[in-house]
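Okay, thanks everyone, let's get going.

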Amino acid sequence: MIHDPDQPFDPSEIRWSSISSWDNEGGALSSLPQGKYAEMPDMTNSELVLLRIRVIALENLMIAVLAEGSDRQLQIAREMVEYITPRPGFTHHPLTIRAGEHMTDIVARATHFREVQLE
């Protein structure tokens, strides 16, 4: 999507551009001029609901994948928590701490399903 610099950014176009690029660019806003940022409006309630649904689906898919994964894959998932927790000397952010705890919980839930399948 090429943006005309004489026209203001349309938030819905920016959102669509971001979402459509997630498949291959990690959600980068490649259509924006370098060094410029567009103001993003607050998400609507329906957008938040859809986001929650997608997160729930992804969590459950990750549990299924980890339940069938190797012991090494489970160990790597546990080690990933260390990459998002604050390093020594840096401020601990509550969201980062909760994300790490949640990752640990997902691995534990996957381990539970592994044990159920073995019986």
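**Confidence, core and salt bridges**

So, confidence to begin with: the chain has a mean pLDDT of 78, and 63% of its residues reach 70 or more. pLDDT, for the record, is the predictor's own confidence in each residue, on a scale from 0 to 100. This is a predicted model, so local features need a pLDDT of at least 70 and side-chain atom pairs count only at 80 or more, while totals for chains, interfaces and linings use all residues. Residues are numbered from 1 along each chain as its sequence is written, and side-chain values use heavy atoms, with hydrogens and water left out.

Let's look at the layout. There are four helices and zero strands, and reading along the sequence you get α-α-α-α. Helices here are DSSP runs of H or I with at least four residues, strands are runs of E with at least two, and the numbering goes from the N terminus.

Where is confidence lowest, and where is it highest? The lowest is helix H1, residues 11-25, with a mean of 57, and the highest is H2, at 95. Residues 23-29 stay under 50, and for that stretch the model has eight contacts beyond four places in sequence. By contact I mean heavy atoms within 4.5 Å. Where pLDDT is low, the predicted coordinates should not be read in detail.

Now a few totals. Of the 119 residues in the chain, 20% are buried. Buried means under 20% relative accessible area, exposed means over 50%, and partly exposed is in between, with a 1.4 Å probe and protein chains only. If you take the contacts with a separation of 6 or more, 57% are between residues 24 or more positions apart.

On to the inside. Which residues make up the largest nonpolar core? There are seven: Ile63, Leu66, Leu74, Ala77, Ile106, Val107 and Ala110. The helices giving two or more residues to this core are H2 (45-68), H3 (71-84) and H4 (94-118), and H4 gives the most, with three. A nonpolar core here is a set of buried Ala, Val, Leu, Ile, Met, Phe, Trp, Tyr and Cys residues joined through side-chain atoms within 4.5 Å.

Zoom in on Val107, please. Val107 sits in helix H4 and counts as buried because its relative accessible area is 3%. Skipping residues up to four places away in sequence, Val107 touches Leu66, Leu74, Ala77 and Arg78. Val107 and Ala77 are 30 residues apart along the chain, with their C-alpha atoms separated by 7.0 Å.

Okay, charges. Side chains of opposite charge can pair when their charged atoms come close. The structure holds three salt bridges, each one being a side-chain nitrogen of Lys or Arg within 4 Å of a carboxyl oxygen of Asp or Glu.

Take Arg114 and Asp71: their closest N and O atoms are 2.6 Å apart. This pair links distant parts of the chain, Arg114 in helix H4 and Asp71 in helix H3, 43 residues apart. Beyond four places in sequence, Arg114 has contacts including Leu66, Gly69 and Leu74.

Then Arg72 and Glu79 meet at 3.6 Å, N to O. Arg72 is partly exposed at 49%, and Glu79 is partly exposed at 34%.

The remaining pair to show you is Arg109 with Asp105, at 3.8 Å, N to O. Both lie in helix H4, four residues apart, about one turn of the helix. Arg109 is partly exposed at 30%, and Asp105 is partly exposed at 36%.

Met43, Leu48, Leu51 and Val55 form a nonpolar patch with about 320 Å² of accessible area together. Patches are built from residues with over 30% relative accessible area and no salt bridge, joining like charges within 9 Å and nonpolar side chains (Val, Leu, Ile, Met, Phe, Trp, Tyr) within 5 Å. Leu51 is in helix H2, and at 40% relative accessibility Leu51 counts as partly exposed.

Definitions and conventions. Areas by Shrake-Rupley, 256 points an atom, 1.4 Å probe, with all protein chains shown as cover.
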